[in-house]
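Here is a friendly walk through one protein model. Have a look at the fold, and then read on for the details.

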Amino acid sequence: MINFIIVEDNKIHRKKLKNVILNYMMKNKIEFDIIEFDRETEELNEFMKKSDNNNIYVFDFELPNTNAIDLSRKVRETDWISPIIIFTVNGGMAYETFKQRLQILDFVNKQYEAEKNLIELFNICLKQIANRKTLNFKYKGTDYSIDMNKIMYIYRDTVERKCIINTINNNKYKVIMNITDLATKLDNRFKFTHKACIVNTEMVEAFAWKDNKIIFSNGEEVYLLSKTHKKELLLNES
């Protein structure tokens with residue numbers, strides 16, 4: 001599932017952009033959705049903070065209550081993976097610093113071969129997404145595909161008898177699966193820290209062995225660290 005998030009206040013440009021996306025994605029056998037905004041809203045901000053899906057953002061540079069650079073900063077507070085494309089009327093050479101700092105995929109001039117340039121960028125986006133590793137599972141009839149880059153840790157809830165997936169965006173997903181079987185679906189950055197916990201080691205700030213505590217890069221602390229796994233975790237740090 002890919003979300004295209006359009007933020008464009010001009011109705012004509014927004015409709016053209018939507019049509020480009022529809023025509024492009026109809027040629028690809030990929031489930032997608034188009035989410036439209038005409039300005040920055042609380043709904044948009046919540047989406048940018050919380051979404052764990054594959055997202056492609058397309059921002060108009062000038063908006064009624066903000067601009068694309070500020071929106072890009074907000075995306076990057078929790079998400080350094082999703083591609084960002086910015087629509088301008090003058091091209092993007094003047095914004096090269098922002099492009100590098102905020103990892104913006106590109107600036108597209110609305111007045112010069114916009115559709116052609118967008119399609120080229122969408123091709124890049126789909127290749128990037130295809131190369132990502134995802135954890136796929138079903139829960140209560142819904143199929144989930146969670147980007148592994150966004151998973152912080154997974155633990156076994158002994159009360160509910162389910163595994164709980166916790167992401168960097170503070171989302172929690174329930175999985176009816178044995179944690180050992182779940183571990184086989186993850187790549188080698190994920191390690192057991194406890195018989196009931198697997199962590200993404202790339203998101204760990206420190207292992208506090210004295211307190212049996214894991215400290216994550218976002219400041220969250222979890223008391224699921226067992227010395228049984230100390231040797232393996234120390235080898236991973238070296």
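## A buried lysine and its surroundings

At 2% relative accessibility, Lys150 counts as buried; here buried means under 20% relative accessible area, exposed over 50%, and partly exposed in between, with a 1.4 Å probe and protein chains only. This is a predicted model, in which local features need pLDDT of at least 70 and side-chain atom pairs count only at pLDDT 80 or more, while totals for chains, interfaces and linings use all residues. Residues are numbered from 1 along each chain as its sequence is written, and side-chain values use heavy atoms, with hydrogens and water left out.

Lys150 sits in the loop between strand 7 (142-147) and strand 8 (151-157). Helices (H or I, at least four residues) and strands (E, at least two) are DSSP runs, numbered from the N terminus. Which residues are in contact with Lys150, leaving aside its neighbours within four places in sequence? They are Ser51, Asp52, Asn53, Asp79, Ile81, Ser82, Asn166, Thr167, Ile168, Asn169 and Met203, where contact means heavy atoms within 4.5 Å. Phe122 is 28 residues away from Lys150 along the chain, and the C-alpha atoms of the two are separated by 22 Å.

## The whole chain

The protein has seven helices and 15 strands, and its C-alpha trace spans about 60 × 40 × 30 Å along the principal axes. Of the 238 residues, 49% are buried. Among contacts between residues at least 6 apart in sequence, 51% join residues at least 24 apart. The accessible surface comes to about 13,000 Å², with 48% of that belonging to carbon and sulfur atoms; the areas come from the Shrake-Rupley method with a 1.4 Å probe.

For charges, there are 37 positive and 34 negative side chains, and the centres of the two sets lie 5 Å apart. Lys and Arg count as positive and Asp and Glu as negative, with His and the chain ends not counted.

Confidence is expressed as pLDDT, the predictor's score for each residue from 0 to 100. The protein averages a pLDDT of 90, and 97% of the residues score at least 70. Confidence is lowest in helix 4 (residues 96-101), at a mean of 78, and highest in strand 12 (residues 197-200), at 97.

## Hairpins and positive phi values

Strand 9 (residues 162-167) and strand 10 run antiparallel and are joined by four bridges; two strands pair if DSSP finds at least two bridges between them. Cys163 stands opposite Val175 in strand 10.

Strand 14 (residues 213-216) pairs with strand 13 (residues 204-208) in the antiparallel sense over four bridges, and Ala208 stands opposite Lys213. Strand 14 also pairs with strand 15 (residues 221-222), again antiparallel, over two bridges; there Ile215 has Glu221 as its bridge partner.

| Hairpin | Between the strands | Residue and phi |
|---|---|---|
| strand 9 and strand 10 | four residues | Asn170, near 65° |
| strand 13 and strand 14 | four residues | Asn212, near 55° |
| strand 14 and strand 15 | four residues | Gly219, near 95° |

Asn170 has its positive phi although it is not a glycine. Gln103 is a residue other than glycine with a positive phi too, near 50°. Gln103 lies in the loop between helix 4 and strand 5 (106-109) and is partly exposed, with a relative accessible area of 46%.

Conventions:
Charge placed at Lys NZ, Arg CZ, Asp CG, Glu CD.
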